[in-house]
Amino acid sequence: MVFTIDATDESARACTLKTAHSVIQTPVFMPVGTTAAVKALDTADLLEHLDTKIILANTYHLYLRPGAETVESMGKLHGFTGYDRSFLTDSGGFQAFSLSDISRADDEGILFRSHIDGSKHYFTPSKVLDIQYSLGSDIMMILDDLIALPATKQRLAVSVERTTRWAKESITYHRFKQKNGTGEDQNIFAIIQGGTDTEFRKISASSLCEMDFDGFAIGGLSVGEENTLMYDTVEFTTALMPAEKPRYLMGVGTPEDLVENIARGVDMFDCVMPTRNARNGTLFTTFGKVNIKSARYKNDPDPVDPECGCYTCRRYSRAYLCHLYRAKELTYFRLASLHNLHYYLSLVKEAREAIMAGRFSQFKREFYRKRV
């Protein structure tokens with residue numbers, strides 16, 4: 001990985017990240033393709049209509065189905081999907097924690113039952129990396145000890161200590177594997193934990209950032225805490241992270257969350273919100289959210305967003321999308337997902353352009369001025 005800072009505007013950053021498969025300009029939003037597919041879209045949509053440079057897939061889901069060995073035998077993620085740009089794979093620890101009826105973390109890893117068939121599995125720091133070597137992702141997330149909020153100080157202390165221990169195991173294992181010819185083009189990110197407690201965030205960041213990771217993520221946020229508390233935690237944490245490496249805020253969030261956290265120095269984002277909300281009838285626009293299933297759009301000839309140049313807005317009206325949703329036509333899911341992802345990708349692109357021009361504060365003011 002090659003990472004360069006192209007411009008800064010106060011704390012906001014415009015950077016370039018080069019992997020073996022693509023050149024990624026930040027700030028960047030990564031569409032979520034949990035099972036090696038962004039829901040309702042295909043690879044042509046991602047490459048031709050959205051021009052994505054990186055998408056996210058999930059280790060937990062691909063390990064259970066179709067299996068890492070199957071993906072590897074089909075040319076790893078890039079060959080299996082036909083998407084020849086970058087993949088980031090989450091470790092799967094969050095899914096093992098949240099989807100399993102029986103999930104238990106100990107000092108060595110996470111024991112869980114498959115949500116598919118109930119079979120027992122055990123994730124350790126080295127095992128999740130072995131799975132990701134088979135998947136062939138460009139950026140691999142290490143196993144961390146994620147906890148629900150609010151949490152006691154005692155549980156936060158255990159989480160931070162355990163995450164640090166697993167990080168040491170992960171980086172040692174990864175560098176050993178690279179020296180022996182495995183994962184040479186794959187990069188590894190650590191995940192800073194600590195809830196919304198600044199003391200524990202500082203301990204976690206200080207411990208992890210001393211290690212030789214290729215980038216660092218902020219995990220354990222956007223899990224129900226108030227937005228202002230999340231923003232304060234991000235601002236505190238980014239100040240502790242090395243400037244010369246990528247900063248990734250995991251699982252966040254709304255358009256407002258992206259703008260606010262770009263202002264606080266975050267480079268990379270992912271979230272299921274644009275595609276999930278699209279499928280549920282909520283479309284994001286320059287002027288705020290549109291509930292396309294509402295009867296008010298039944299005879300509306302305008303595009304979803306008059307300022308949007310996406311495939312959907314160039315071709316179809318609000319009335320047509322309202323009809324598709326109400327008729328439960330599958331075409332709706334594709335058109336709505338294309339629009340929402342285009343909106344998110346355009347938003348971070350415009351933020352980058354503003355940072356490069358030294359006018360990010362004006363961009364932020366204009367973003368809020370237009371929203372109703």
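**A buried histidine, the nonpolar cores and an open sheet**

In this predicted model, His-121 is buried, because its relative accessible area of 16% falls under the 20% cut-off. The residue sits in strand 9, which spans residues 120-123. A polar contact of 2.8 Å links the side chain of His-121 to the side chain of Ser-119. Beyond four places in sequence, the contacts of His-121 are Tyr-63, Leu-64, Ile-110, Leu-111, Phe-112 and Ser-114.

Strand 9 covers residues 120-123, and Phe-123 belongs to the largest nonpolar core. That core holds 87 residues. Phe-29, Phe-123, Phe-213 and Leu-283 touch the most other members. Helix 14 (residues 331-356) is the greatest contributor, giving 13 residues. Another core lies apart from this one and has 18 residues, including Val-32, Leu-56, Ile-139 and Ile-191.

With residues up to four places away in sequence set aside, Phe-123 touches Tyr-60, Tyr-63, Ser-91, Gly-92, Ala-96, Glu-108, Gly-109, Ile-110, Phe-112, Val-128, Ile-131 and Leu-143. Tyr-63, Ile-110 and Phe-112 are among the residues in contact with His-121 and are also touched by Phe-123.

An open sheet is built from 3 strands in the order 1-2-3, paired antiparallel. Strand 1 (2-9) and strand 3 (23-26) are the edges; each has a single partner strand, so one side of each lacks a neighbour in the sheet. On average, neighbouring strands are turned by 10° against each other, direction ignored. Leu-17 stands opposite Ile-24 of strand 3.

Note on methods:
Residues numbered from 1 in each chain as written. Predicted model: local features only at pLDDT ≥ 70, side-chain atom pairs only at ≥ 80, totals over all residues. Heavy atoms only, no water. Pairing = 2+ DSSP bridges. Helix = DSSP H or I, 4+ residues; strand = E, 2+ residues; numbered from the N terminus. Axes fitted to C-alpha atoms, helices over the stretch in contact; angles between N-to-C directions. Buried < 20%, exposed > 50% of the residue type's maximum accessible area, 1.4 Å probe, protein only. Polar contact = N/O pair within 3.5 Å; in protein donor to acceptor, adjacent residues only side chain to side chain. Contact = heavy atoms within 4.5 Å. Core = buried A, V, L, I, M, F, W, Y, C linked by side-chain atoms within 4.5 Å.
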